[in-house]
Amino acid sequence: MLSKAQNDLITQTGPGTPMGRFLRSYWQPIATSEEMPLGGDPVPIRIMSEDLVLFRDDKDRLGLIQQGCPHRGTDLSYGRIEDGGIRCLYHGWLFDINGKCLDQPAEAAGRKFCDKVRMVSYPVQEKGGAIWAFMGEGEPPYIPDFQFLDAPEPNRLCFRVIQNCNWLQGLESSTDPAHTTYLHRRPPGKKSKRSFTDVAALRGNEPPQISIEHMPYGVRIFAKHNAPEGRKYLRVNNYVYPCGATPSTSTGEVGYQGRWYVPVDDHSHVRFEFFYRFSQPLDKDTLRENRAENVGPDYRHVRRIENRYLQDRDELKRGDSFGGMGLHFPAQDAFAIETQGSIQDREKEHLGTTDVVIIEVRKALFRALKQMEETGEAPFIMRGPDDDRFKDFVCTAGDMLEGEDIPGFCKRFLAQRRAAAAE
Ligand code: FES
Ligand SMILES: [Fe+2]
């Protein structure tokens, strides 16, 4: 449980808040590349309580600037893309990708004051099928070369979905290994079209044995399951600063997902999912089909609180799913976290032994805030591609060998990855 003050501290992310400063110290994904094709339209983006417009100019350069026109506040996301920038529809002022005012056609000749106009703008870049923004102070860091961002394009795919609750509830759902046995339980023979996971290993009623390891980049998370035929099945997940998780539940031994939970404001967030497979292309058609069935054009889950997540009590009673909400994991997660309330009241919770990860991730966040307060710098900021601080990054799921312990499993994984990279 957290006090109200502690809960406020790690859930509030607007400009000027400690958590807002922390999250702004890293690049954050704000849209998928697919949403911003060459020649595409401007998109309004609300992120960490700031209203912005993402656009491509007529030279296909990306810009991220404040949504309200600095003249008199009209929404620039309706603007015209022309003449090297975005032009406001109200009086025709023109702004470039850096927020510089280029033109004020309605002002009398000689009375233009472009140079005096200031507006908010942030650097953006594309990486791994997403568009990222840096909204912090000082020199932007380097986006780590996670495998799910720099693997060959056929092996990775990025989606996003908006969820109506605080970002931390999203992050906590992706780092919590205990709920898979319940919320996501599947009856024998039921396999999501998307899943490559050895679901048989997760199908039992027994909760996994959970343990953690502190890592410089966050927390490494282990969930050891008793699988059929006496096997031990280990899932290795990570909490990665500042708001990321890398669960291995969805793509099994052959890959995993990178997820970011980026606040829209303190009452909603975007879950970015980077699907990734190590050595073979993803079945993107199936993934997209599955996505289209479960996420609407408004980037919200089809199953949502307004329709009670389309819960089917007969499906639940028949045992076709644990909660009668179909077999799509992200929709099940959305139900779990959105119904906690728009900001979960953590003064009222009762954490048990299986919540060790929840506790450790929160501690990691508090440590990060303390470090920022003391040194001015957020933890684990990368400065360049040679700053390879994720070389011992383990994220996988699979059977443990007879007599193998967790460090041995991780070592074997890293050796296999290095051998595959050297091929
Ligand atoms: S409000 Fe945008 S040009 Fe006047
Ligand atoms: Fe989940």
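In which sense do strand β14 and β15 pair, and over how many bridges? This is a predicted model, and in it strand β14 (residues 218–226) pairs with β15 in the antiparallel sense, over nine bridges.

**Strand β15 and its partners**

The strands β14 and β15 form a hairpin, with five residues between them. In the turn, Glu 229 has a positive phi of about 60°. Within this pairing, Gly 218 has Val 240 of β15 as its bridge partner.

Strand β15 also pairs with β19 and with β16. Strand β19 (residues 396–399) runs antiparallel to β15, and four bridges join the two. Strand β16 (residues 244–245) pairs with β15 in the antiparallel sense as well, over two bridges. A hairpin of three residues leads from β15 to β16. The table lists the pairings of β15.

| Partner of β15 | Residues | Sense | Bridges |
|---|---|---|---|
| β14 | 218–226 | antiparallel | nine bridges |
| β19 | 396–399 | antiparallel | four bridges |
| β16 | 244–245 | antiparallel | two bridges |

Val 236 has Thr 396 of β19 as its bridge partner, while Val 240 stands opposite Gly 244 in β16. Val 240 is also the bridge partner of Gly 218.

Is β15 largely enclosed or largely open? Of the nine residues of β15 (residues 232–240), eight are buried, so the strand is largely enclosed by the rest of the structure.

**The nonpolar cores**

The largest nonpolar core has 82 residues. The members that touch the most others are Ile 30, Leu 54, Ile 131, Trp 132, Ala 133 and Val 262. Helix α9 gives the most to this core, with six residues. Because domain 1 (28–133) and domain 2 (147–422) both contribute residues, the core lies between them. In soluble globular proteins, nonpolar side chains tend to be buried together.

Beyond its neighbours within four places in sequence, Val 262 is in contact with Gln 28, Pro 29, Ile 47, Trp 167, Cys 243, His 269, Val 270 and Phe 272. Another core, of eight residues, lies apart from the largest one; among its members are Tyr 309, Ala 331, Phe 335 and Ala 336.

**Helix α1**

Helix α1 spans residues 4–11, and its buried residues are Asn 7, Ile 10 and Thr 11. Seen down the helix axis, these buried residues fall within an arc of 95°, so they line one face of α1. The buried residues of α1 pack against α2 (18–23), α4 (167–175) and α9 (356–375).

Notes. Residues numbered from 1 in each chain as written. Chains lettered and ligands numbered in written order. Predicted model: local features only at pLDDT ≥ 70, side-chain atom pairs only at ≥ 80, totals over all residues. Buried ≥ 20, exposed ≤ 12 C-beta atoms within 10 Å, placed from the backbone. Arc of directions from axis to C-beta. Contact = placed C-beta atoms within 7 Å. Core = buried A, V, L, I, M, F, W, Y, C linked by C-beta atoms within 7 Å. Domains from an automatic or database assignment. Pairing = 2+ DSSP bridges.
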